[in-house]
Amino acid sequence: MAQARTAGCTGSDPEVTAWITAAMERITAYTRQLFEPTVMAVVADVAPGGLVLLPRRVRTVTTVTPVCDGYDAPSLPSSAYRVTSSDVFGQVDAVHLAWGGWDDLVVGAESWNGGWVGLFDRLGAEQAHVLGEFGVVPTPPVVAPATALLAAHVQAQAAPSDADAARDPRLDVDDEGNNVHIEDTSDEATPVVSAAASTGSTQVDALLAPYLNSGSLVLGGV
């Protein structure tokens with residue numbers, strides 16, 4: 001908040017907080033990244049070979065479940081997939097299905113039926129529901145001053161009534177044929193924040209360019 005005031009964002013504490021929240025929303029839409037650990041559910045396409053690209057820097061994955069119309073599929077055990085993160089050089093943010101495993105007590109996932117990958121294929125599931133923790137950790141030092149700068153920029157350009165437009169983001173992204181939907185995990189419904197080509201400030205865009213998760217960088221999420 002102090003940084004926002006230093007950058008030229010003025011008003012009461014609630015007003016300054018609203019401008020900062022609005023700036024953070026724009027930054028999220030522009031970078032398609034989260035800059036603090038966030039628990040969310042993602043529904044994403046399963047590519048040939050069982051690759052599920054994730055739209056944010058993945059920290060941990062709690063559950064992976066096939067998405068089937070009219071059928072409650074069982075969640076896959078951790079032995080049936082592996083998780084890679086762009087935190088590791090050369091890796092991508094993804095869940096790799098068909099890593100192995102079976103369960104002779106689950107109908108369709110028995111060892112003689114091809115295990116968990118066989119079950120996934122027979123269900124005809126083209127998407128996977130992935131619950132986990134996402135976010136770039138630690139937060140890059142440039143994010144705080146970029147947020148303060150953008151908050152002041154947004155306030156200078158907006159009408160006074162726009163100050164109450166700040167909201168918590170929920171994202172709906174479709175990149176490179178990877179249809180991704182991020183579910184609202186809170187009790188309150190939140191509007192969708194669409195991906196944006198700019199924050200509205202060329203200076204802030206330049207500061208955050210190294211952290212874009214779009215275009216040719218969507219695979220790595222860096």
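# Report on a predicted single-chain fold

Of the contacts in the chain with a separation of 6 or more, 68% are accounted for by residues 24 or more positions apart, a contact meaning heavy atoms within 4.5 Å. The model is predicted, so that local features need pLDDT of at least 70 and side-chain atom pairs count only at pLDDT 80 or more, while totals for chains, interfaces and linings use all residues. Residues are numbered from 1 along each chain as its sequence is written, and side-chain values use heavy atoms, with hydrogens and water left out.

**Confidence.** The predictor's confidence in each residue is given as pLDDT, from 0 to 100; the mean over the chain is 76, and 73% of the residues reach 70 or more. Among the elements of the chain, strand β4 has the highest mean pLDDT, at 94, whereas strand β7 (residues 170-175) has the lowest, at 41. The pLDDT is below 50 over residues 187-192, a stretch that has 10 contacts in the model beyond near neighbours in sequence. Over residues 215-222 the pLDDT likewise stays under 50, and here the model has 25 contacts beyond four places in sequence. Where pLDDT is low, the predicted coordinates should not be read in detail.

**Overall make-up.** The chain contains five helices and nine strands, these being DSSP runs numbered from the N terminus (helices are H or I of at least four residues, strands are E of at least two). Along the sequence they follow the pattern α-α-β-β-β-β-β-α-β-α-β-β-β-α. Of the 222 residues in the chain, 41% are buried, where buried means under 20% relative accessible area, exposed over 50%, and partly exposed in between (1.4 Å probe, protein chains only). The chain exposes about 11200 Å², of which carbon and sulfur atoms supply 55%.

**Strand β5 and its partners.** From strand β5 (residues 94-97), A94 and H96 point one way and V95 and L97 the other way, yet all are buried. Strand β2 (residues 51-53) runs antiparallel to β5 and is joined to it by three bridges, while four bridges join β5 to strand β4 (residues 81-84), again in antiparallel fashion; two strands pair if DSSP finds at least two bridges between them.

**Helix α4.** The 15 residues of helix α4 (residues 143-157) should span 21 Å at 1.5 Å a residue, and the end C-alpha atoms are 21 Å apart, which agrees; the expected span is 1.5 Å times one less than the number of residues. Among the buried residues of α4 are V143, A146, L150 and V154.

**Salt bridges.** Side chains of opposite charge can pair when their charged atoms come close. A salt bridge is a side-chain nitrogen of Lys or Arg within 4 Å of a carboxyl oxygen of Asp or Glu, and by this rule the count comes to two. R57 forms one with D87, the closest N and O atoms being 2.6 Å apart; R57 lies in the loop between β2 and β3 (58-67) and D87 in the loop between β4 and β5, 30 residues apart. D87 also forms a salt bridge with R59, at 2.5 Å between the closest N and O atoms, and R59 belongs to strand β3, 28 residues from D87.

| Residue | Relative accessible area | Class |
|---|---|---|
| R57 | 10% | buried |
| R59 | 28% | partly exposed |
| D87 | 40% | partly exposed |

Note on methods
Areas by Shrake-Rupley, 256 points an atom, 1.4 Å probe, with all protein chains shown as cover.
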